[in-house]
Amino acid sequence: MHENGYKFELEEMDLYYGDFKVLEDVNLEIKKCCITSIIGPSGCGKSSALRCLNRMNDLVDGARIEGSVVLDGEDIYDRNYSVVGLRKRVGMVFQKPNPFPKTIYDNVAFGPRLYGIRDRETLDGIVEESLKSAALFEEVKDKLRTSALALSGGQQQRLCIARVLAVQPEVILLDEPCSALDPIATQRIEDLLSDLKTRYTIVIVTHNMQQAARLSDYTAFFMIEEQGDPGKIVEYGDTNTIFTKPTDERTERYITGRFG
Amino acid sequence: MDARKADRIATAVFWAIGIIALGILAFIVIEIFARGLITAVKPSFFAGKPQALKEGGGVGPMVVSTIYLVVLTMLISFPISVGAAIYLAEFAREGRFTRFIRFCLDSLGTVPSIVFAIFGMTLFLFYLNWRTCLLAGAITMALLNLPVFLRSAEEALRQVPLTYREASMSLGADRWTTVKKIVLPTAMPGIITGTILPLGRIMGESAVVIFTVGVFVRAIPLSPFDPAAPLAGYIWYVQSEAVVPDYRTIVNGGAAILLILLFLINFGTRRLSAYYSKKKSLGG
């Protein structure tokens, strides 16, 4: 068993889309049961970095990785590694809430059904449990059989979190999950994530520095030098240090709002 | 000329053009119904047996032939077109091969139906030694409609937001499961709406019918290998070849029935599409 407190270990990872180098020399250790945030200016490759962790970049034509991405001691880019198994363990919540055009119930049950759970009572239990964990159950318990598209943006995003929780992942990746939400809905998601981190390893990409500061235990700051250059990690460490005593001048300029 | 005046003139011009277009369509519909509706609604006509020499013949077998041909063609072309559309929209990587397929499709789409008709006749009647029959017509008609139907199905699939696919795959679904459970149900209303054009074309197509299906039958066709006489071909035949004295009545009545069938199918397709939209958002 691999026990060093790290869920993910990225070593000298480069990401290419075709000939274009998106990320260069990414070294990152993501601690278990913590919230790690990835911040940086637009276009610095932070979303792409997140998508390396559940191999969603595989969907991009010509995407290719060098270096290694290790989850619990196993390289997820290994030939024999099961992508389906990986995505069951590493769930993802997207920037724009994207519930399926199905009922609330069917949205949450989608994952479990995928893994062969057909029993009605088991499914009912999973749906209720997941919606409760996502702090949505009370609001929707009387309309589980109505369309998920009728929910508000914030509710839809919590539904997407419930949908991920329903497959019992170990890691949750969130790609700017609050960028389409109002402050109150954002607050609820943040509270929810703070609750969830006791059980899950959470990695969140955000362009909102206050959010990173409030929410996360560790912060990685990504940047590109010039247009067309690959994104790199400028600084990575515990959130307090990054926001109060950054060692790199560029980090300080970014977090004090002087660029980006 | 000031902007407000220009806007007013433009509004008037476009209204006028719209009314002219609608007027032409209304004129055609009214003209066909004025000449044929009284004949068309007589049971002795729409369900009656045709006559080869005497007057007073009906078009019962022709109405059945038309519907039979439409159903048979859809049974063949729906899976092929939707299947190929799924391949192009979901699985194929854009490249030389897909560009070549699209080029062929677009070229085929502009080939006149008479060319397909002769191809069908050569293949089924000369090489395979079939007699004229519904199946020969349906396969030929499926080929004729493939480009249009495939393109509209592909378009419907591409309208499904990428984020649905991402959500599904991020939960561990593979591509096929994602297509089956998410993409296809979401695209279904659009795919069904896309059948309206091919359906109308099958009903109105006469060249393929004349060469591969037949233009006159006395009995209602039962097997797909039976000769049949769909209305569009029969109308052509009665108008140009038949010796019945009341040929004008038959042509007018037949045209009216064809128009009614088209309205019905159009209406039915829309209802089906609306049903799928509702079912989709409710999760069905």
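Select B:Gln51, B:Ala52, B:Phe216, B:Tyr234, B:Tyr237, B:Val238, B:Ala242 and B:Val244: they line the largest cavity. A cavity here is a set of points, on a 1 Å grid over the protein atoms alone, where a 1.4 Å probe fits but cannot get out; lining residues have an atom within 4 Å of a point. The volume is about 30 Å³, taken as the space filled by probe spheres set on points joined across faces, edges and corners. The structure holds one cavity of 30 Å³ or more. Its lining divides into seven nonpolar residues, one polar and no charged. Ala, Val, Leu, Ile, Met, Phe, Trp, Tyr, Cys and Pro count as nonpolar, Asp, Glu, Lys and Arg as charged, and the others, Gly among them, as polar.

This is a predicted model, in which local features need pLDDT of at least 70 and side-chain atom pairs pLDDT 80 or more, while totals for chains, interfaces and linings use all residues. Residues are numbered from 1 along each chain as its sequence is written, chains are lettered from A and ligands numbered from 1 in the order written, and side-chain values use heavy atoms, without hydrogens and water.

Next, the largest pocket. A pocket is an open set of grid points with protein on both sides within 12 Å along at least five of seven lines. This one holds about 650 Å³ of space. Select A:Leu59, B:Glu90, B:Leu162, B:Arg165 and B:Arg175, the closest to its centre of the 26 lining residues. Helix 2 (83-89) of chain A and helices 3 (60-91) and 7 (162-170) of chain B each supply at least two lining residues. Helices are DSSP runs of H or I with at least four residues, strands runs of E with at least two, numbered from the N terminus. The pocket lining has 14 nonpolar, no polar and 12 charged residues.

Move to A:Lys7, in strand 1 (residues 6-17) of chain A. Is A:Lys7 buried or exposed? At 7% relative accessibility, A:Lys7 is buried (buried is under 20%, exposed over 50%, partly exposed in between; 1.4 Å probe, protein chains only). Show A:Glu170 too: the two side chains make a polar contact at 2.8 Å (N or O atoms within 3.5 Å, one able to donate a hydrogen and the other to accept it; sequence neighbours count only if both atoms are side-chain atoms).

Finish at B:Phe124, B:Trp130 and B:Phe225, which form one aromatic cluster.

Conventions
Rings of Phe, Tyr and Trp (its six-membered ring) pair if their centres lie within 6.5 Å; planes under 30 degrees apart count as stacked, over 60 as edge-to-face and the rest as tilted.
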